[in-house]
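Thanks for making time this morning. I would like to take you through one protein, going through two of its residues and then the confidence of the model.

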Amino acid sequence: DISQPINSQRSLSGTNQTSENRMFRLSLTDGHSNCTAVELKPIPDLNFRVPPGTKVLLTKPVIKKNLVFLDATCIKCLGGSVDALVTEWKLNSRSALSGGTQLREGELPPPPFP
C-alpha cells in the first residue's frame, strides 16, 4: 500500500485490519493475459498477508481505460499461492521490515573496501 508511510504498513501487516485510506494496486493474470486492478474501497479479503499467486474470482468488475476497478462485491479470494513468488515475497518483506537488504539464495555480498 503506497498510500501509507512504511510504519503504518508495518503496523497493519501483521493483522487483517484494513485502512480506509489505502488503495491496493494488483497485477492480475490468468496465465496468458495480464491486467492491472485497483481497489475502489478497502476489500476485507485483501490485506498485506495475502501471498502473491493467490487465486481470485472476479464477478462483473468495472473496467475502464485498461484498469479493473474492484470492490468487495466483485472479487472473492479463493486461496492458493505460487511457491516461487512467495519465496521472493518473504525475502523482500523481511528486508523491508529490517530496513536493510537481504541476499538471495546463492548470492554473494559485495567485496570489502580496500
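**Two residues and the confidence behind them**

Let me begin with Glu39, which, leaving aside residues up to four places away in sequence, touches Arg22, Met23, Phe24, Leu46 and Leu70. Please keep in mind that what you see is a predicted model. Glu39 lies in strand 2, which covers residues 34-39, and its side chain reaches the backbone nitrogen of Phe24 at 3.1 Å, while a polar atom of that side chain also lies 2.8 Å from the backbone nitrogen of Ile43. Is Glu39 buried or exposed? With a relative accessible area of 1%, Glu39 counts as buried, because that value falls under the 20% cut-off.

Turning to Lys55, we find this residue in strand 3, residues 55-58, and here the relative accessible area is 41%, so Lys55 is described as partly exposed. Beyond four places in sequence, Lys55 touches a run of residues that includes Lys76, Cys77, Leu78 and Gly79. Lys55 and Lys76 are 21 residues apart in sequence, and their C-alpha atoms are 8.7 Å apart in space.

Finally, a word on confidence: the protein averages a pLDDT of 75, and 64% of the residues score at least 70. Where is confidence lowest, and where is it highest? The lowest mean, 49, belongs to helix 1, residues 6-13, whereas strand 5, residues 67-70, has the highest, at 93. Over residues 11-16 the pLDDT stays under 50, and for that stretch the model has 11 contacts beyond four places in sequence.

Key. Residues numbered from 1 in each chain as written. Predicted model: local features only at pLDDT ≥ 70, side-chain atom pairs only at ≥ 80, totals over all residues. Heavy atoms only, no water. Helix = DSSP H or I, 4+ residues; strand = E, 2+ residues; numbered from the N terminus. Buried < 20%, exposed > 50% of the residue type's maximum accessible area, 1.4 Å probe, protein only. Polar contact = N/O pair within 3.5 Å; in protein donor to acceptor, adjacent residues only side chain to side chain. Contact = heavy atoms within 4.5 Å. pLDDT = per-residue confidence, 0-100.
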